[in-house]
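Trainee: I am new to this one. Could you walk me through it, question by question?

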Amino acid sequence: VSQYESFFALGGIIGDVFTDRGSSFQAHAIKINSFDLVNKYTKILLTNNKIQKATHNIMAYRFLSKDVIAKEESKEGKIKNKEKNSNLKNLGNNISEGFDDDGEAGAGVRLLGILQKMKIYNVFVIVSRWFGGTLLGNDRFKHINDTAKNLLLDYKSKFDYES
C-alpha cells in the first residue's frame, strides 16, 4: 500500500476533477483533530506524483482545540492558528484554523472562509490546481471553493458541524 493509498484507509476522501479552459481542480479531505495531522496528511498527499506536480495545492483546516496552540508555520509561513471562542461558544471549546495559498495568493483564506460558512470543523481540505495555460481570473477562486464545497457536501456525514 502506497502512502497515498493509506490516506484513504485513514478515512480520506477525494473529489471529482473539475476542468475549465485547460486548468483542472481536485479536492481531498479528511477528518482531523490536531495540527500534527495537517502536516502528516499534507506530506502523505504530496507523495502522489500527480498532486506533487500540481501548480498549486491550496489547503485549509479547522479543528476543535482544548489547549492554546502555538503559532505554526507552513513552508511559506502563511498558516495561522487563531483561537476563537465566538463561533463555537455552544461547544465550549476553542477552534484552531489556518490555510496555505501555496503561491495562489488569496486562495487559502477564501477556502478557509468556505469551511467557516459551512460551520464545519475537525476537517482538513486540500485543493490541487493544475494550470492549463489560460488565465482564469477570479473564476479560479470559485473553482477552488466549489471543488472543496462539493466534496464536503457529498460526504457531509463524515464531518462535524456547529449546531
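Trainee: In which sense do strand 1 and strand 3 pair?

Mentor: Keep in mind that this is a predicted model. Strand 1 covers residues 13-14. Two bridges link strand 1 to strand 3, and in one pairing Ile 13 has Ala 29 as its partner. The sense is antiparallel.

Trainee: How many bridges join strand 2 to strand 3?

Mentor: Strand 2 spans residues 18-20. Phe 18 has Phe 25 as its bridge partner. The hairpin of these strands has two residues between them, and Arg 21 takes a positive phi near 50° there. Strand 2 and strand 3 run antiparallel, and the number of bridges is three.

Trainee: In strand 7, what is the bridge partner of Gln 26?

Mentor: Strand 7 covers residues 123-130. Eight bridges pair strand 7 with strand 3 in the antiparallel sense. For Gln 26, the partner in strand 7 is Ser 128.

Trainee: Why is strand 3 largely enclosed by the rest of the structure?

Mentor: Strand 3 runs over residues 23-31. A residue counts as buried under 20% relative accessible area. Strand 3 is largely enclosed because the buried residues number eight of the nine.

Trainee: Which element gives the most to the largest nonpolar core?

Mentor: That core has 24 residues, and Leu 115 and Leu 152 have the most contacts inside it. Strand 3, strand 4, helix 4, strand 7 and helix 5 each give two or more residues. Leu 115 touches Leu 152, and also Val 123 and Val 125 among others. The top contributor, with six residues, is helix 4.

Note on methods: Residues numbered from 1 in each chain as written. Predicted model: local features only at pLDDT ≥ 70, side-chain atom pairs only at ≥ 80, totals over all residues. Heavy atoms only, no water. Buried < 20%, exposed > 50% of the residue type's maximum accessible area, 1.4 Å probe, protein only. Helix = DSSP H or I, 4+ residues; strand = E, 2+ residues; numbered from the N terminus. Pairing = 2+ DSSP bridges. Core = buried A, V, L, I, M, F, W, Y, C linked by side-chain atoms within 4.5 Å. Contact = heavy atoms within 4.5 Å. Lists of a residue's contacts leave out its neighbours within four places in sequence.
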